[in-house]
Amino acid sequence: MIWAFLAGFVAVLMGVFLLRPRVARLFNNDFQGIKTEAIVGPIVALTVFLSAFVVAQATGSYQRASQDANAEASSVALLYENAGLLPDDRGTEIQASSVCYARSVERLEWPKLEQDRTSPVTDLWAASFNREIPKILDGPGAVVGQIVGLNRAQSEARLLRLHEAKPNLPLLTIIVMIGSILFALLMVSTFAVPDMKRSVLLSLGFALAFLLGGTLVLVDQLEKPFTGIVKVKPTVIHDVAQDTAAKFRIAHPGVALPCDASGRPLR
């Protein structure tokens with residue numbers, strides 16, 4: 001969205017140096033220009049309306065991405081805990097898969113969200129849940145029910161997280177907002193009162209271009225919640241990976257995890 005700043009500045013320069021000198025000819029030398037308050041009022045109203053709408057949509061997407069990531073991490077942590085309640089260590093494989101799944105989400109899949117891609121390794125550990133859970137369906141009903149429900153919640157949260165990684169604002173909305181901003185900047189710099197100093201007009205136009213361009217950059221950052229300056233970090237899933245790995249080493253001292261520190265399978 002850096003180009004939005006450049007487009008705004010170009011619009012101001014076109015209005016001041018290219019269109020403004022020619023406007024008087026259209027009014028038979030009787031052009032009085034637009035008063036400053038008449039310029040600023042509509043621009044501020046337009047900016048507030050469009051910015052509030054678009055930023056609200058982008059912020060909602062950012063918040064949903066954060067909630068989905070936290071819900072996924074919580075489901076994995078609870079899945080690990082409930083698998084430990086199964087008798088005779090029947091939940092050990094599920095617990096191991098939980099640790100490896102959390103590691104792969106943090107280390108392998110999270111960086112791929114910038115390209116709207118998933119990690120095959122995370123897919124592998126997600127599939128391992130579907131392979132291991134049927135083996136414990138004859139266990140205690142309450143525990144098995146919790147495990148099945150948590151596995152479903154983890155799958156749904158992951159799908160939602162992947163969905164929120166993609167921009168969700170309609171392209172037409174962004175185009176209308178950018179077009180309105182550029183048109184408004186062009187009108188301001190063209191039809192300002194003739195006796196306004198060029199330096200003042202340039203300062204006013206550049207200030208508006210900077211503010212409106214900054215709004216577009218903010219929207220762009222919020223629309224991609226897992227990348228950029230303002231982003232959802234894998235803090236919760238990192239904590240789950242660390243916590244479950246430590247618990248696994250204590251509960252199963254003679255059993256090695258089937259993955260490395262990044263979640264890649266060892267076999």
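Arginine 64 is partly exposed, with a relative accessible area of 37%; here buried means under 20% relative accessible area, exposed over 50% and partly exposed in between, with a 1.4 Å probe and protein chains only. The side chain of arginine 64 meets that of glutamate 164 in a salt bridge, at 3.1 Å from N to O. The model is predicted, so local features need pLDDT of at least 70 and side-chain atom pairs count only at pLDDT 80 or more, while totals for chains, interfaces and linings use all residues. Residues are numbered from 1 along each chain as its sequence is written, and side-chain values use heavy atoms, with hydrogens and water left out.

**Salt bridges**

- The structure holds ten salt bridges, each being a side-chain nitrogen of Lys or Arg within 4 Å of a carboxyl oxygen of Asp or Glu.
- Arginine 64 in helix α2 (residues 36-83) and glutamate 164 in helix α5 (residues 141-164) are 100 residues apart, and their pair links distant parts of the chain. Helices are DSSP runs (H or I, at least four residues), numbered from the N terminus.
- Glutamate 164 counts as buried, at 5% relative accessibility.
- Another salt bridge brings together the side chains of glutamate 81 and lysine 247, at 2.5 Å from N to O. Because glutamate 81 lies in helix α2 and lysine 247 in helix α8 (residues 235-251), this pair ties together parts that are 166 residues apart in sequence.
- Glutamate 81 is partly exposed at 35% relative accessibility, and lysine 247 is partly exposed with a relative accessible area of 32%.
- Lysine 247 also meets aspartate 243 in a salt bridge of 3.2 Å, N to O. Both residues lie in helix α8, four residues apart, which is about one turn of the helix.
- Aspartate 243 is partly exposed, its relative accessible area being 40%.

**Aromatic pair**

- The count comes to one aromatic pair. Rings of Phe, Tyr and Trp (its six-membered ring) pair if their centres lie within 6.5 Å; planes under 30 degrees apart count as stacked, over 60 as edge-to-face and the rest as tilted.
- Tyrosine 101 and phenylalanine 129 form this tilted pair, with 5.8 Å centre to centre and 55° between the planes.
- Tyrosine 101 lies in helix α3 (residues 92-112) and phenylalanine 129 in helix α4 (residues 120-132), so the pair ties together parts 28 residues apart in sequence.
- Tyrosine 101 is buried, with a relative accessible area of 0%, and phenylalanine 129 is likewise buried at 0%.

**Helix α4**

- Helix α4 has 13 residues and reaches 18 Å from its first C-alpha to its last, close to the 18 Å expected at 1.5 Å a residue. The expected span is 1.5 Å times one less than the number of residues.
- Val121, Thr122, Trp125, Ala126, Ser128, Phe129 and Glu132 are buried in α4. They cover an arc of only 145° around the axis, which puts them on the same side of α4; the arc is that of the directions from the helix axis to the C-beta atoms.
- The face of α4 turned away from its buried side carries the exposed residues Pro120 and Asn130.

**Disulfide**

- One disulfide is counted, defined as a pair of cysteine sulfur atoms within 2.5 Å.
- The disulfide joins cysteine 100 to cysteine 259, with 2.1 Å from S to S. The pair links distant parts of the chain, with cysteine 100 in helix α3 and cysteine 259 in the segment after α8, 159 residues apart.
- The link of cysteine 100 and cysteine 259 is left-handed, with -90° about the S-S bond.
- Cysteine 100 and cysteine 259 are both buried.

Definitions and conventions: Helix = DSSP H or I, 4+ residues; strand = E, 2+ residues; numbered from the N terminus.
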